Amino acid sequence: MNLIIMGAPGAGKGTQSENISAKFNIPAISTGDILRSAIKGGTELGKQAQSYIDAGKLVPDAVVIDIIKEHLATDACKNGFILDGFPRSIPQAEALDAMGVQIDAVLSLEVPDETIVTRMSGRRTCLKCGASYHVLYKPSATADVCDKCGAELVIRADDKPETVLNRLNTFHSQTEPVKSYYAAKGKLICVEGQEEVADTTKLVFEALSKV
Ligand code: AMP
């Protein structure tokens with residue numbers, strides 16, 4: 001299955017794409033994770049991306065399109081994949097089409113803006129491996145310690161309230177049109193994000209069972 005997951009920042013894309021990846025045994029490709037690890041590694045890509053991410057803006061299309069092209073060409077993706085956080089603009093969606101990639105379904109996690117702002121304040125991220133948690137909805141076993149690698153959990157720099165508002169604006173102006181793009185192709189499936197992660201996962205799996 002070739003899938004895309006979309007949603008506002010904090011809608012739960014990362015968590016649900018991990019669940020889908022495990023259930024269908026396909027790799028999850030998160031452009032956000034790739035960019036953050038490039039920043040951490042101090043690479044040229046990281047240097048290019050940092051100021052955009054810090055401002056809650058989109059990294060230029062050409063940069064992320066190259067990342068996706070490179071990943072989709074690997075063997076790991078030949079039996080399917082889930083794209084988390086790509087495409088986030090119409091030119092990115094068009095670039096995916098131009099690569100000849102067939103998409104089976106685009107899952108949109110619907111969460112109202114008010115909920116997003118509250119949710120983001122509880123989000124915690126692992127400094128080392130990038131795993132994502134929430135103090136209420138997806139807590140780590142030990143407070144502020146990553147279950148996966150034992151490193152410290154922190155609030156992501158771009159999860160600060162002022163940046164979250166910019167990210168929401170960017171989402172509405174540049175990413176929401178992508179939903180209509182896929183709706184017109186009959187590929188869009190909307191799932192209402194629930195308060196409990198497990199309830200959203202159930203709805204996501206139900207929706208995908210019909211694809
Ligand atoms: P995420 O972890 O998906 O919320 O992404 C974090 C940040 O990385 C976003 O706010 C953007 O600045 C950048 N980013 C991630 N994916 C993309 C993309 N497809 N296009 C442009 N910028 C992106």
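Q: In what sense do strand S5 and S6 pair, and over how many bridges?
A: In this predicted model, S5, covering residues 123-126, pairs with S6 in the antiparallel sense, and three bridges link the two. Within that pairing, Thr-125 stands opposite Ser-132 of S6.

Q: In which order do the strands of this open sheet run?
A: The order is S6-S5-S7, three strands with antiparallel pairing. S6 (132-134) and S7 (153-154) are the edge strands; each has a single partner strand, so one side of each is left without a neighbour in the sheet.

Q: Where is Asp-84 placed, and which side chain of opposite charge is nearest to Asp-84?
A: Asp-84 belongs to strand S3, residues 81-84. The nearest side chain of opposite charge is Lys-13, 5.0 Å away. A salt bridge requires a distance within 4 Å, and Asp-84, although buried, has none.

Q: What polar contact does the side chain of Asp-84 make, and which residues are in contact with Asp-84 beyond its neighbours within four places in sequence?
A: The Asp-84 side chain has a polar contact of 3.5 Å with that of Ser-17. Beyond those sequence neighbours, Asp-84 touches Ile-5, Lys-13, Gly-14, Ser-17, Ile-29, Ser-30 and Thr-31.

Q: How many residues surround the ligand, and which are the closest?
A: The ligand is surrounded by 16 residues, the closest being Thr-31, Arg-36, Lys-57, Gly-85 and Gln-92.

Q: Which atoms of Thr-31, Gly-85 and Gln-92 lie at these distances from a nitrogen atom of the ligand?
A: For Thr-31, a side-chain N or O atom is 2.8 Å from a ligand nitrogen. For Gly-85, a backbone N or O atom lies 2.8 Å from a ligand nitrogen. For Gln-92, a polar side-chain atom lies 2.9 Å from a ligand nitrogen.

Notes:
Residues numbered from 1 in each chain as written. Predicted model: local features only at pLDDT ≥ 70, side-chain atom pairs only at ≥ 80, totals over all residues. Heavy atoms only, no water. Pairing = 2+ DSSP bridges. Helix = DSSP H or I, 4+ residues; strand = E, 2+ residues; numbered from the N terminus. Buried < 20%, exposed > 50% of the residue type's maximum accessible area, 1.4 Å probe, protein only. Lys, Arg positive; Asp, Glu negative; His and termini not counted. Polar contact = N/O pair within 3.5 Å; in protein donor to acceptor, adjacent residues only side chain to side chain. Contact = heavy atoms within 4.5 Å. Near = heavy atom within 4 Å.
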